[in-house]
Amino acid sequence: MEELNNISLEEIKNIAKNFTRTNEFAHCMAMYRCAIMEIETKLKVLNEEFSLQYDRNPFESIETRLKNPVSIVEKMIKRNIPLTVENMERDITDIAGIRVVCSFKEDLYRLAELIVEQDDVLLLSRKDYIVNPKDNGYRSLHILLDIPIFLAEGKKHMKVEVQFRTIAMDFWASVDHKLKYKKEIKCPDDYALRLKKCADILAGLDNEMEAIRKQIDREN
């Protein structure tokens with residue numbers, strides 16, 4: 001059984017079950033779903049505008065998710081955060097997430113810029129793992145946004161994390177994630193080195209594909 005701060009995974013699941021039974025938790029998660037819908041709508045509007053103005057769509061797909069309650073509780077215990085909904089909202093910033101997959105890096109950055117420039121959106125943090133990849137080769141642009149949602153009882157601000165990737169970056173991250181769940185891997189350092197090499201090759205592919213697109217645009 002895995003242990004976390006001397007608490008077993010089974011105990012964490014039981015704690016999460018009790019924590020999520022409250023109306024306060026259910027209401028909070030509903031607010032996160034609303035916040036995701038707000039950002040998703042903004043992205044789809046921008047996609048439609050790009051399609052009309054530039055005759056191409058800036059992104060290929062959007063995937064949304066709410067963090068699993070067990071993962072939320074596990075993270076709070078690991079960081080010694082008292083288990084309250086108020087603390088959860090304040091200290092856990094990746095509960096609501098959106099992943100935007102684009103064909104080209106240029107479109108990825110442009111979309112992120114346009115979202116942040118909207119007057120009802122506040123940028124809380126920005127982490128560029130494309131310019132500064134993680135040691136394992138992971139690449140993505142992460143922005144944490146504050147977005148207001150409008151309810152019967154008034155306006156409420158919620159946090160949404162948006163990740164922007166190219167198709168190549170998303171392919172690598174997806175495969176890397178699946179491989180990490182494989183058990184009893186021999187020579188893990190060797191696999192890590194090979195995966196890092198794959199990430200670098202895909203980054204070169206992204207650069208070449210973007211260069212080809214720009215040349216085509218100049219010639220037409």
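By class, seven nonpolar, one polar and three charged residues make up the lining of the second largest pocket, where Ala, Val, Leu, Ile, Met, Phe, Trp, Tyr, Cys and Pro count as nonpolar, Asp, Glu, Lys and Arg as charged, and the others, Gly among them, as polar. The model is a predicted one, in which local features need pLDDT of at least 70 and side-chain atom pairs count only at pLDDT 80 or more, while totals for chains, interfaces and linings use all residues. Residues are numbered from 1 along each chain as its sequence is written, and side-chain values use heavy atoms, with hydrogens and water left out.

The second largest pocket holds about 310 Å³ of space. A pocket here is an open set of points, on a 1 Å grid over the protein atoms alone, with protein on both sides within 12 Å along at least five of seven lines; a cavity is a set of points where a 1.4 Å probe fits but cannot get out, and lining residues have an atom within 4 Å of a point. Grid points are joined across faces, edges and corners, and a volume is the space filled by probe spheres set on the points. Eleven residues line the second largest pocket, and Asp176, Leu179, Tyr191, Ala192 and Leu195 are the ones nearest its centre. Helices α6 and α7 (188-219) each supply at least two of the lining residues, and α7 gives the most, with six. Helices (H or I, at least four residues) and strands (E, at least two) are DSSP runs, numbered from the N terminus.

Two or more lining residues come from each of β3 (59-66), α3 (69-78), β4 (96-102), β5 (122-128), β6 (141-151), β7 (154-166) and α6 (167-180). The greatest contribution to this lining is that of α6, with eight residues. By class, the lining of the largest pocket divides into 18 charged, twelve polar and nine nonpolar residues.

What does a search of the whole structure find in the way of cavities of 30 Å³ or more? It finds one, and the volume of the largest cavity is about 70 Å³. The residues that line the largest cavity are Gly137, Tyr138, Arg139, Ala168, Met169, Trp172, Ala199, Leu202, Ala203 and Asp206. Here too α6 and α7 each supply at least two residues, and α7 has the largest share, four residues. Seven of the residues in the lining of the largest cavity are nonpolar, one is polar and two are charged.

Among the strands, β6 is mostly covered, with nine of its eleven residues buried. Buried means under 20% relative accessible area, exposed over 50% and partly exposed in between (1.4 Å probe, protein chains only). Strand β6 runs antiparallel to β5, joined by six bridges; two strands pair if DSSP finds at least two bridges between them. In this pairing, Arg126 has Ile143 of β6 as its bridge partner. Strands β6 and β7 are also antiparallel, over eleven bridges, and form a hairpin with two residues between them. Leu144 stands opposite Glu161 of β7.

Two charged side chains sit over aromatic rings. A charge counts as over a ring if NZ of Lys or CZ of Arg is within 6 Å of the ring centre and within 35 degrees of the ring normal. Lys134 lies over the face of Tyr129, 4.9 Å from the ring centre. The charged end of Arg213 is placed over the ring of Phe104, at 4.8 Å from its centre.

Helix α2 (residues 23-54) contains Phe50 and also His27. Phe50 counts as buried because its relative accessible area is 5%, whereas His27 is partly exposed because its relative accessibility is 39%. Phe50 and Leu111 are 61 residues apart along the chain, and their C-alpha atoms are separated by 9.7 Å. For His27 and Val85, the C-alpha to C-alpha distance is 10.0 Å at a sequence separation of 58 residues. In helix α1 (residues 9-19), Glu11 is partly exposed at 41% relative accessibility. Glu11 and Cys34 are 23 residues apart in sequence and 31 Å apart in space, C-alpha to C-alpha.
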